[in-house]
Amino acid sequence: MRIRMEKNHIKIENIDVWARVGILKQEQRLGQLFSLDVFLYADFDNCVDQDDINQTIDYVEVIELIRSHSKKFKSLTIEKYSAVLINLLKRSFDIDGIKIVIKKCNPPIIGFNGSVSITRVYEKGIN
């Protein structure tokens, strides 16, 4: 990951969404709970200088966009799901970088009570 962690970012934690992601017919038909953490890297200097909401990333819009998209989305893997969400955020906001963690809260694995997650990173000009 080339994004320096001290760089300015907004972190949105625990965005709960219901999405149809998985290889089982039940996952594809009914969906399941996912929890997302999203880090959005950007230059916030203009917002700070002018105290202007239009000069920053509106995290309410981010959450609503992710939730709305997830209701309609369907794929076999969380890898695909993460890539689609990164592309959606890239197209929708002026972002220098994105880090997204998607957690499948209750994967349908017999005898397993944990979760499974994927972390993906995008940096403008790199990927």
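1. Basis. Residue numbers start from 1 along each chain as its sequence is written, and side-chain values rest on heavy atoms, with hydrogens and water left out. The model is predicted: local features need pLDDT of at least 70, side-chain atom pairs count only at pLDDT 80 or more, and totals for chains, interfaces and linings use all residues.

2. Overall fold. The protein contains four helices and five strands (DSSP runs numbered from the N terminus, H or I of at least four residues for helices and E of at least two for strands). Their order along the sequence is β-α-β-α-α-β-α-β-β. Along the principal axes, the C-alpha atoms fill a box of roughly 55 × 25 × 25 Å.

3. Helix pair H3 and H4. The axes of H3 (residues 59-72) and H4 (residues 78-92) come within 11 Å and cross at roughly 135° (lines fitted to C-alpha atoms over the stretch in contact, with angles from 0 to 180 degrees between N-to-C directions).

4. Residues of the helix contact. On H3 the contact (heavy atoms within 4.5 Å) involves Val62, Leu65, Ile66, His69 and Ser70, and on H4 Tyr81, Val84, Leu85, Leu88, Leu89 and Ser92. By class, eight are nonpolar, three polar and none charged (Ala, Val, Leu, Ile, Met, Phe, Trp, Tyr, Cys and Pro count as nonpolar, Asp, Glu, Lys and Arg as charged, and the others, Gly among them, as polar).

5. Largest pocket. Its volume is about 220 Å³ (the space filled by probe spheres set on grid points joined across faces, edges and corners). A pocket is an open set of points on a 1 Å grid over the protein atoms alone where a 1.4 Å probe fits, with protein on both sides within 12 Å along at least five of seven lines; lining residues have an atom within 4 Å of a point. The lining consists of Ala42, Asp43, Phe44, Asn46, Gln55, Thr56, Ile57, Phe93, Asp94 and Asp96, divided into four nonpolar, three polar and three charged residues.

6. Second largest pocket. This pocket holds about 170 Å³ of space. Among its 14 lining residues, Gly22, Ile23, Glu27, Lys104 and Pro107 are the closest to its centre. The lining has nine nonpolar, two polar and three charged residues.
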